[in-house]
Amino acid sequence: MFQKILIDLGTISHNEEYTIVFPYENIHQITQTVASCGCSRVYNKALEQQIVVIYKPNPVPQHLANKGYYSVSKHIDVSYIKIANEETKTIRLTFSAVVK
């Protein structure tokens, strides 16, 4: 299964792109990955047994400019088959950050 389902990136900059890795093991097949928004691209690196997310945060919204940051929590829904011929299951992987 997945070694981590929640990753906290801490404080990050909106000017950067971030790679988030969710390692897994003992999964026969990943059938689908769905990101919660368009700011995240998801890849299944099956040979490395990793779900890799490339995240590019948006700038601080105008209504939060005085504050100078915002908190974000994003998720990836992963459908998988643990054992061949078994029913598909879904797990939610989450990452969070404070974006400046």
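Leaving aside neighbours within four places in sequence, Lys74 is in contact with Ser36, Cys37, Cys39, Tyr55, Leu93, Thr94 and Phe95, contact being defined as heavy atoms within 4.5 Å. The model is predicted, so that local features need pLDDT of at least 70 and side-chain atom pairs count only at pLDDT 80 or more, whereas totals for chains, interfaces and linings use all residues. Residues are numbered from 1 along each chain as its sequence is written, and side-chain values use heavy atoms, with hydrogens and water left out.

Lys74 is found in strand E6; strands (E, at least two residues) and helices (H or I, at least four) are DSSP runs numbered from the N terminus. Lys74 is buried yet has no salt bridge, and the nearest side chain of opposite charge, that of Asp77, is 13 Å away. Buried denotes a relative accessible area under 20%, exposed over 50%, and partly exposed the range in between (1.4 Å probe, protein chains only). For charge, Lys and Arg count as positive and Asp and Glu as negative, while His and the chain ends are not counted.

A salt bridge requires a side-chain nitrogen of Lys or Arg within 4 Å of a carboxyl oxygen of Asp or Glu. By this rule the count comes to two salt bridges. In one of them, the side chains of Arg92 and Asp77 meet at 2.8 Å, N to O. Arg92 lies in strand E7 (residues 89-99) and Asp77 in strand E6, so the pair ties together parts that are 15 residues apart in sequence. Arg92 is partly exposed at 45% relative accessibility, and Asp77 is partly exposed at 21%.

Arg41 forms a salt bridge with Glu17, with the closest N and O atoms 3.5 Å apart. This pair ties together parts 24 residues apart in sequence, because Arg41 lies in strand E4 (residues 40-45) and Glu17 in the loop between strand E1 (6-12) and strand E2 (18-23). Both residues count as partly exposed, Arg41 at 39% relative accessibility and Glu17 at 46%.

The structure holds two aromatic pairs. Rings of Phe, Tyr and Trp (its six-membered ring) pair if their centres lie within 6.5 Å; planes under 30 degrees apart count as stacked, over 60 as edge-to-face and the rest as tilted. Phe2 and Tyr24 form a tilted pair, 5.4 Å centre to centre with 50° between the planes. This pair links distant parts of the chain, 22 residues apart, with Phe2 in the segment before E1 and Tyr24 in the loop between E2 and strand E3 (29-35). Phe2 is buried at 10% relative accessibility, and Tyr24 is buried at 5%. The rings of Tyr55 and Phe95 have centres 5.0 Å apart and planes at 65°, so the pair is edge-to-face. Here the link is between Tyr55 in strand E5 and Phe95 in strand E7, 40 residues apart. Tyr55 and Phe95 are buried.

The largest nonpolar core has 24 residues, and those with the most contacts inside it are Phe2, Phe22, Ile51 and Tyr55. Such a core is a set of buried Ala, Val, Leu, Ile, Met, Phe, Trp, Tyr and Cys residues joined through side-chain atoms within 4.5 Å. The elements giving two or more residues to this core are E1, E2, E5, E6 and E7. Not counting residues up to four places away in sequence, Phe2 touches Phe22, Pro23, Tyr24, Ile27, Ile30, Ile51, Val78, Ile91 and Leu93.
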